[in-house]
Amino acid sequence: MTYARRALAVARKDVAVERRSKETLNALVFFSLLLLFVFQITLGADRDRLAAVLPGVLWLGFVLSALLALGRTFLVEREHDCWEGLLLAPGDKSAIYLGKLASNLVLMTVVEALVLGLFVIFFDIDIRRALPGLFIVVALGTFGLATVGTLFAAMTANVRAREVLFPVLLLPVQVPVLLATVKATEALLLGEPLGAVAHWLKLLAAADVIYLVVSVLTFDVILEG
Amino acid sequence: MIRTLGWLSVVALVAGLVMSFGVAPREVTQGTVQRIMYVHVPLVISSYVAFIVLAVASFVYLLRRDPRADRVAHASGEIGVMFIGLGIATGSIWGKPTWGTWWTWDARLTSVAILFVMYVGYLLLRGSIDDPERAARFAAVLGIVAALDIPLVHFSVYWWRTLHQPPSLMKPGGFTGSTAILWPLLVNLVAFVILYAYLTARRARLLRAEAEAVA
Amino acid sequence: MTSDSVICTRGVRKVFGLVRVLDGVDLDVHDGEIVALLGANGAGKTTLLKILATLTRPTRGTARVAGHDVSREAEAVRRVIGVVAHGAWVYDDLTARENLKFWATLGGLDTRADDVMAALAGVGLERAADTRVRTFSAGMKRRLSLARAMLARPRVLLLDEPFAGLDQRGKKWLEGRLEALKAAGAAMLLVTHSFGRELGVADRLAVLAGGRIALDTPRGTLTADDVQRLYAAHTEETE
């Protein structure tokens with residue numbers, strides 16, 4: 001299946017480039033540490049206040065890192081002038097989208113694990129009981145961010161004021177994902193069972209499917225020229 | 001055709017104005033300022049209509065690559081953002097003396113605010129791309145993604161505000177009950193939708209003139 | 001349109017915002033022919049190349065490559081062209097071999113390891129096959145770019161200032177490669193803004209000025225001064 005091979009080639013290429021240059025990963029790690037530092041200063045002392053805002057702060061960390069990571073999706077193509085090469089690649093362009101999505105998911109998972117780990121350590125939170133549910137929520141939320149994020153990254157890759165435009169376009173569209181993930185995380189951290197947040201999970205799943213389908217169908221249009 | 005729309009909207013608006021002040025009853029607690037609802041609600045609803053038109057026109061454009069569809073989407077976006085901006089403004093003007101606050105994050109207001117930002121993003125994207133054909137394509141994709149997202153936004157915001165939350169402060173409109181309120185509202189709604197159609201048509205025609213002048 | 005032109009444009013216009021960059025371009029290139037497109041900076045040469053490469057669509061007019069319309073049959077056009085652009089389209093953090101393998105797979109080509117080695121050998125990079133491109137000189141990157149463009153054995157080659165940034169040896173090597181490709185039957189459109197000895201490889205010279213082909217003539221009938229005068233004439237017209 002050439003389609004799968006092409007998608008895989010894109011994903012592998014991105015992972016290889018990132019592994020060797022570590023540009024994005026370094027930026028994200030540094031950024032996460034910075035975020036943690038700032039949160040620690042402003043919230044660390046007051047345990048009660050921290051517990052109340054933790055879900056929001058955690059997802060703020062996730063989202064800001066995601067914006068950074070997703071915004072750079074096509075940076076390597078732009079820096080090395082490979083963008084036109086992608087445009088001219090014959091065949092279904094959505095394979096490129098899936099490849100980019102895969103590598104973005106890998107990157108985001110690594111960073112989220114790091115952020116979560118740092119949060120648990122530095123804020124001394126016990127999330128063991130909430131963990132399975134948390135995995136699901138984070139997985140669904142990350143997928144939602146990455147699907148539209150990769151599409152919009154392609155859309156804004158070569159326009160003026162790209163760095164400002166990308167979050168301006170992405171954030172309002174991602175409001176459902178943000179609300180659902182924060183609310184579900186909040187409930188889970190308070191000890192509620194997974195069933196209590198079922199409606200949020202269903203919303204996330206529906207959003208993920210819609211976003212993925214639309215992105216795959218419209219990516220060709222973005223990469224027409 | 002466009003001119004008829006123009007005259008029609010003037011007539012309808014005047015009718016609406018007359019009804020808002022003459023026919024509609026004076027609200028007991030809120031007073032005259034409540035009459036701004038007859039402008040506020042139609043503005044917001046019309047902006048949703050504009051968005052639906054934008055989404056459909058975007059879809060048509062992607063299928064047929066007809067520049068006319070793109071111009072309709074573009075014009076709809078510009079008129080829509082104006083309407084929703086005015087809608088938010090009139091809502092605030094209504095809200096301050098009535099409920100003591102310019103703004104609150106209840107379900108309806110939050111949804112409208114998000115729609116407003118989406119509109120602005122749409123126009124910003126169009127403004128950032130020089131190649132008109134590429135701008136049309138990208139804007140169309142954004143329009144469709146945003147339109148499909150609106151139901152998700154509504155559900156999530158509604159759940160956010162109503163589940164385990166006290167009831168929202170502001171409840172615009174009092175549709176339950178008297179037809180005395182309903183008729184002026186409907187007349188104004190129709191008037192504003194016609195106004196939207198007229199302004200969009202004029203704007204689209206202007207866009208066409210611009211495109212033809214250069215090509 | 002001449003039936004045997006593999007590149008054929010008629011009345012191509014391109015508008016950006018309020019600027020009319022191309023204003024009715026008629027150009028033909030045939031198999032086994034190299035046409036050099038000359039023009040001052042900003043004359044629209046790269047824009048025309050991009051239209052032929054299906055990277056952007058003409059506002060008006062038609063352009064056909066190998067019989068396919070660039071607007072309506074872009075996919076078909078992409079399968080017959082090879083492009084060597086300003087940017088080399090190579091990833092610095094991958095090796096030369098990995099770059100070619102990637103572009104081959106992305107292009108849907110069933111390229112095996114020896115095909116990749118052969119392609120690298122064809123441009124003299126076989127010894128640098130497993131070196132990261134980051135360490136390559138401009139000339140080496142240009143060679144790798146040419147190897148990439150040639151992977152699918154395209155019938156048409158579009159080259160944007162291919163000699164820029166090359167040293168004497170690099171220029172000589174490129175001339176040789178282009179001659180060999182021409183002998184093999186490829187059609188080439190070469191964009192350049194300078195009137196240098198590299199034009200020796202071209203069969204015809206076309207000068208783009210004022211948004212149109214101001215002159216289209218066999219090489220050898222034009223001097224550098226003629227070209228400068230043409231540029232100047234059209235700049236005066238537009239002022």
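Q: What percentage of the residues of chain C count as buried?
A: Quick housekeeping: this is a predicted model, where local features need pLDDT of at least 70, side-chain atom pairs count only at pLDDT 80 or more, and totals for chains, interfaces and linings use all residues. Residues are numbered from 1 along each chain as its sequence is written, with chains lettered from A and ligands numbered from 1 in the order written. Buried needs 20 or more other C-beta atoms (placed from the backbone) within 10 Å of a residue's own. Of the 239 residues of chain C, the buried share is 48%.

Q: How many residues of chain C are in contact with chain B?
A: Contact means C-beta atoms, placed from the backbone, within 7 Å. Chain B brings 5 residues, and they touch a set in chain C that numbers 9.

Q: Are H9(A) and H10(A) roughly parallel or antiparallel?
A: Helices here are DSSP runs of H or I, at least four residues, numbered from the N terminus. The axes (lines fitted to C-alpha atoms over the stretch in contact, with angles from 0 to 180 degrees between N-to-C directions) of H9(A), residues 175-189, and H10(A), residues 198-222, come within 9 Å and cross at roughly 150°. Angles over 145 degrees count as roughly antiparallel. So the pair is roughly antiparallel.

Technical notes. Contact = placed C-beta atoms within 7 Å. Buried ≥ 20, exposed ≤ 12 C-beta atoms within 10 Å, placed from the backbone. Helix = DSSP H or I, 4+ residues; strand = E, 2+ residues; numbered from the N terminus. Parallel < 35°, antiparallel > 145°, perpendicular 65-115°, else oblique.
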